[in-house]
Amino acid sequence: MTDNLEQLIKEAVEKALEGDMDAINNIEDRVTRSKAKAALVKAKREAVKEKTEASLDDNSESVSDSKKDKTSNEHIAELLIQQFPDDINKELSSNEHIQIQPKNWLIISIYLRDDPGCLFDSLQCITGVDLGEESDLEVRYNLHSMTHRHAVEIRISCPRNKAKVPSVESIWRIGDWFERETYDMYGIEFEGHRDLKRILLPEDWEGWPLRKDYEVQETYHGIIVPKVKEGWE
Amino acid sequence: MGIVKGDQMVLNIGPQHPSTHGVLRLKVVTDGEIVSDIEPIIGYLHRCFEKHCENSTYEQVIPFTDRCDYIASMNNNFGYVVAMEKLMEIKVPDRVEYIRIIMAELNRIASHLLALGVYGLDVGAFTPFLYMFRDRERILDIFELTCGARLLYNYMWVGGVSHDLPVGFVETVYGFLDYFEPKLKEYNEILTYNKIFIERTADVGVLPPEVAISYGVSGPNLRGSGVKWDLRKDEPYSIYERFDFDVPIGEGTVGTTGDCWDRFYVRMLEMTESAKILRQALKDLPQGGDVHQAIPKKIRPPKGSIYQRTESPRGDLAYYIISDGTPQPYRLKMRSPAFTALSVLNEISRGWMLSDVIAILGSLDIVLGEIDR
């Protein structure tokens, strides 16, 4: 009997996925009907998950933000391309951000801070991003200028196993703590930082917690570390 | 931390210490009474906020933001929902916007009251602390009336707020304002212009504006250094452009611009401005309509990223959200204002007496929940 029911539910869900909801609505037994509906929801959710995992490519931005001042961003991008033609990755840059190579980042950052057309006096935020278990890591810098009242986002990606980016700690002093935090969470080394060490986690913690492939260490000082559940709903 | 010389001593303050405002440890190198280096050691309250967010749905993130800055939870909610609404291009009803402004400004007053009262306590004035806590309690009562919680509200949702205003809310807030505004004069008499208080704070821990900007210091700390910068005015979000208010800055009234007293006094003046915004918002508050109307059934933002800044009582609070189209954020980073404020401590405390370090730390108004996340 149970096998028959399961078979019935399975067929109904398959039909419903193709757009025929009556297959489920016509089931007479209430319990079976609700079971079928639950199975349908689950199937749909899995389909969405597969779809997004397949299309996860963070460089293609689909949000169009009308409020953002695109002209200032484009203007900065033009200035940078003029000054450092080899360091700007034009294909990966968009209206909202500029993608650059890590090599000359320190020189570019001095230019961004001191050039009269840029004058980015404050480093707002450094965000580390893991682009996926098989892909690169990325560091995103949000800069803002109080004089010109414009903002720009710089992105630098670096390979996962050799994550190294020049430090801008000497250009904007807050870079010190922001870079330590990014190092703490992603293991990205900021070359030239004077005191690069963990900031939020204990010094002897193992691994880089915000990487997508992070696995919690078994024990810490003899205490068993509880395993993280795979999401919860 | 550099080499400790023969006549120097390392002194440990915290992690459990009443004037560190939370679980903060300071490794202080002293030369007699004079401080030559400070290393703040943080992370004692680290709760993996950002990792938790990656495993939660967008709705489930809101209670976490409450627990980051537990002194000003409304403002933390506010920053997050503003960022989310911009990412999802949701237009919220006017009434919701007004309710949010009212809550955010009430919470700003409550947060400043705590900051100022505790600051008095740090430098040895016990009575003002009790006065300010008494008045802060009234604001917490208003929040309790609205959403049932006194500290961790989970009140602002993406697209709306959790509850509509209760009956008699507007009158209650008017009643509070009528009570509160004369009290500011009382605080000034009892604390601000107290001779001992001025001796302890004026000319101490001067933070020059260019150093403040380079260290990313924001909010009242930055304005205390004489920089007229307030996101509510300079990059208005929500409906702040509709209100008429001033941005008070430090002018070195009793000492040098950017000293501890200036940072303190800017907060005192900001409470007056918040009261001004509150009166305007209460006057214009639209009636009727459903506060849940614009709340989406499913929160699934389009692929993309957003960096949105808002002005919390502690300064420039920003969220960097990356969405991959699923109901869970791919990455969520919180840029906390107290984190940047604490990083400047070493720079402005060197050369001061040990007791002044407590005064400087208190004037920065840090919340460890937000620093450690």
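**Close-up 1. Helices α6(B) and α11(B) of the predicted model run roughly antiparallel to each other.** The axes of helix α6 (residues 169–192) of chain B and helix α11 (residues 260–284) of chain B come within 11 Å and cross at roughly 165 degrees. Because angles over 145 degrees count as roughly antiparallel, the two helices are therefore described in that way. In passing α11(B), helix α6(B) makes a left-handed crossing. Chain B, to which both helices belong, has a mean pLDDT of 89, with 99% of its residues reaching 70 or more.

**Close-up 2. Residues at the contact of α6(B) with α11(B).** From α6(B), the residues that take part are B:V170, B:V173, B:Y174, B:L177, B:F180, B:E181, B:L184, B:Y187 and B:T192, and they meet B:Y265, B:M268, B:M271, B:T272, B:A275, B:L278, B:R279 and B:L282 in α11(B). Sorted by class, this contact comprises 13 nonpolar residues, together with two polar and two charged ones.

**Close-up 3. An open sheet of four strands in chain A.** The strands follow the order β1-β4-β3-β2, and their pairing is mixed. At the edges stand β1 (98–100) and β2 (122–130) of chain A, each of which pairs on one side only. With direction ignored, neighbouring strands of this sheet are turned by 25 degrees against each other on average.

**Close-up 4. The pairing of β1(A) with β4(A).** Strand β1(A) pairs with strand β4 (residues 150–158) of chain A in the parallel sense, over three bridges. Within this part of the view, A:I100 stands opposite A:I156, the latter being a residue of β4(A).

**Close-up 5. Helix α6 of chain A lying across two strands.** Helix α6 (residues 175–186) of chain A lies across β2 and β3 (137–145) of chain A, and the helix runs at about 5 degrees to β2(A).

**Close-up 6. The side of chain A that touches chain B.** Here 28 residues of chain A are in contact with 30 residues of chain B. The elements that give two or more residues to this side of chain A are α3 (30–54), β2 and α6 of chain A, and of these β2(A) gives the most, with six residues. By class, the side of chain A that touches chain B holds 14 nonpolar, seven polar and seven charged residues. For the model, the predictor's scores are ipTM 0.87 and pTM 0.80.

Methods:
Residues numbered from 1 in each chain as written. Chains lettered and ligands numbered in written order. Predicted model: local features only at pLDDT ≥ 70, side-chain atom pairs only at ≥ 80, totals over all residues. pLDDT = per-residue confidence, 0-100. Axes fitted to C-alpha atoms, helices over the stretch in contact; angles between N-to-C directions. Parallel < 35°, antiparallel > 145°, perpendicular 65-115°, else oblique. Left-handed = near helix turned anticlockwise from the far one by under 90°. Contact = placed C-beta atoms within 7 Å. Nonpolar A, V, L, I, M, F, W, Y, C, P; charged D, E, K, R; others polar. Pairing = 2+ DSSP bridges.
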